[in-house]
Amino acid sequence: MLRRELAAIAALTLVSSGAAAQDTVKIGLILPMTGQQASTGKQIDAAVKLYQARNGTTVAGKKVEVILKDDTGVADVAKRLAQELVVNDKVAVLAGFGLTPIALAVAPIATQAKVPEIVMAAGTSSITEASPYVARTSFTLAQSSVPMAEWAYKNGIKKVVTLVSDYGPGIDAEKSFSDKFKADGGTIAENLRIPLRTPDFAPVLQKVADAKPDALFVFVPSGTGAQFVKQFVERGLDKSGVKLIATGDVTDDDQLNGMGDVVLGVINAHNYSADHDSALNKAYVDAFKKANGGLRPNFMSVGGYDGMNLIYEALKKTNGSTDGDKLMAAIKGTAWESPRGPISIDPDTRDIVQNIYIRKVDKVGGELYNVEFATIPNVKDPVKAAKK
Ligand code: PHB
């Protein structure tokens, strides 16, 4: 380890106890506000602001101040920002994390400084195991991929090609979908991967056409689904008889309406749809749109909104104490009603437990939405559940 890094870690250990006495609780919000994942940053930032507009900026007698930093989607940048936020700003909580490598890069800092790391976006199963100070309000890819596999086999799909972004969440999606689909009796013709940063789908889409599966199962991260769909259509795969099935990251509410009628009928599984039928969600969508020039909230936004609620609830339970161990104890087992439905933080794994919905892209009031038609209640991360 570099001497500079060692010094930074020593400083982290020293400062972390001082924050408890202050009247302001600072949250360091690290998000990709620019770059390929900028839509995630924009959605979560907007949701955090909306949460505070609706719930106030004071909790348990403390003023809650959010310090937003742009990590540009780069892990090394996020790591430096996290160190600065802990050492200089003395934040009590680190939050955000739009990509898996970023959440993982910050985990050692959370451990050293004993500062909770609230993962509002990233979805690789192992992130919660990287530090005892990590808790997640987003989702895992296995949570949506396993129900998608089950639905597919039950509904006459027997042969599938999988296509995923080649990094943590994609590999989780590929494995959990394939394992479940094969266990049910299906055949995986091929597992295809594409790079995260420069996704050129043309070569793999040719392989899909050649393999002639009943369906193509896809995961690409939020913000890149429209690019994939465009190339799927350009290669003529929409007319080839290959059904498109996906995790809801692909038919992301943030981009869905712009994808066009080619995505009508696409079946996918996920934790949140802006079309979710509850009074709480309708009020959430209306307030979010009103505050953001008509922007439709996506699944990343609820990760941010619920992450703020988790921090507020934990602070209530600790009576405003920002001691990291007390906050983590308060976080474990917290349960509440989210715009996505009922959710809780598993006390054993610190990961989210939530409903997964099977959805079909359809028109509602002239716009494209993921319309939920089946619910798998209270899904724990299947990867961690299998280890027990
Ligand atoms: C991740 O990097 O963990 C990630 C990002 C975007 C998604 C899903 C997972 O939609």
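**Entry 1**

I note here that the model is predicted. Which residues lie closest to the centre of the largest cavity? I listed Gly 98, Ala 121, Tyr 167, Pro 221 and Met 300, out of 15 residues that line it. I then sorted the lining by type: 10 residues are nonpolar, 4 are polar and 1 is charged. My count of cavities of 30 Å³ or more came to 1.

**Entry 2: strand E1**

Next I turned to strand E1, residues 24-31. I checked how many of its residues are buried, with under 20% relative accessible area as the cut-off. The count is 6 of 8, so E1 is largely enclosed by the rest of the structure.

I looked up the partners of E1. Strand E3 (residues 62-70) runs parallel to E1, and 8 bridges join the two. Here I found Thr 24 opposite Lys 63. Strand E4 (residues 93-96) also runs parallel to E1, joined to it by 4 bridges. On that side Ile 30 stands opposite Gly 96.

**Entry 3: helix H5**

I took the length of helix H5, residues 141-154. From first C-alpha to last, its 14 residues reach 20 Å, close to the 20 Å expected. Is H5 mostly covered or mostly open? It is mostly covered, with 10 of its 14 residues buried. Among the buried ones I noted Leu 141, Met 148 and Trp 151. Just after H5, I found Gly 156 with a positive phi of about 90°.

**Entry 4: aromatic pairs**

I searched the whole structure and got 11 aromatic pairs. I picked out two.

The ring centres of Tyr 51 and Tyr 305 are 5.1 Å apart. Their planes stand at 75°, so I logged the pair as edge-to-face. Where do the two residues sit? Tyr 51 is in helix H2 (residues 38-55) and Tyr 305 in helix H11 (residues 299-317), 254 residues apart. Both Tyr 51 and Tyr 305 are buried.

Phe 177 and Phe 217 are stacked, at 4.0 Å centre to centre with 15° between the planes. Phe 177 lies in helix H6 (residues 168-184) and Phe 217 in strand E9 (residues 215-219), so this pair ties together parts that are 40 residues apart in sequence. I checked burial as well: Phe 177 has a relative accessible area of 0%, and Phe 217 is buried at 0% too.

Last, I traced a cluster. Ring pairs link Tyr 51, Tyr 284, Phe 288, Tyr 305 and Tyr 312.

Methods:
Residues are numbered from 1 along each chain as its sequence is written. This is a predicted model: local features need pLDDT of at least 70, side-chain atom pairs count only at pLDDT 80 or more; totals for chains, interfaces and linings use all residues. Side-chain values use heavy atoms; hydrogens and water are left out. On a 1 Å grid over the protein atoms alone, a cavity is a set of points where a 1.4 Å probe fits but cannot get out, and a pocket is an open set with protein on both sides within 12 Å along at least five of seven lines; lining residues have an atom within 4 Å of a point. Grid points are joined across faces, edges and corners, and a volume is the space filled by probe spheres set on the points. Ala, Val, Leu, Ile, Met, Phe, Trp, Tyr, Cys and Pro count as nonpolar, Asp, Glu, Lys and Arg as charged, and the others, Gly among them, as polar. Buried means under 20% relative accessible area, exposed over 50%, partly exposed in between (1.4 Å probe, protein chains only). Two strands pair if DSSP finds at least two bridges between them. The expected span of a helix is 1.5 Å times one less than its number of residues. Rings of Phe, Tyr and Trp (its six-membered ring) pair if their centres lie within 6.5 Å; planes under 30 degrees apart count as stacked, over 60 as edge-to-face and the rest as tilted.
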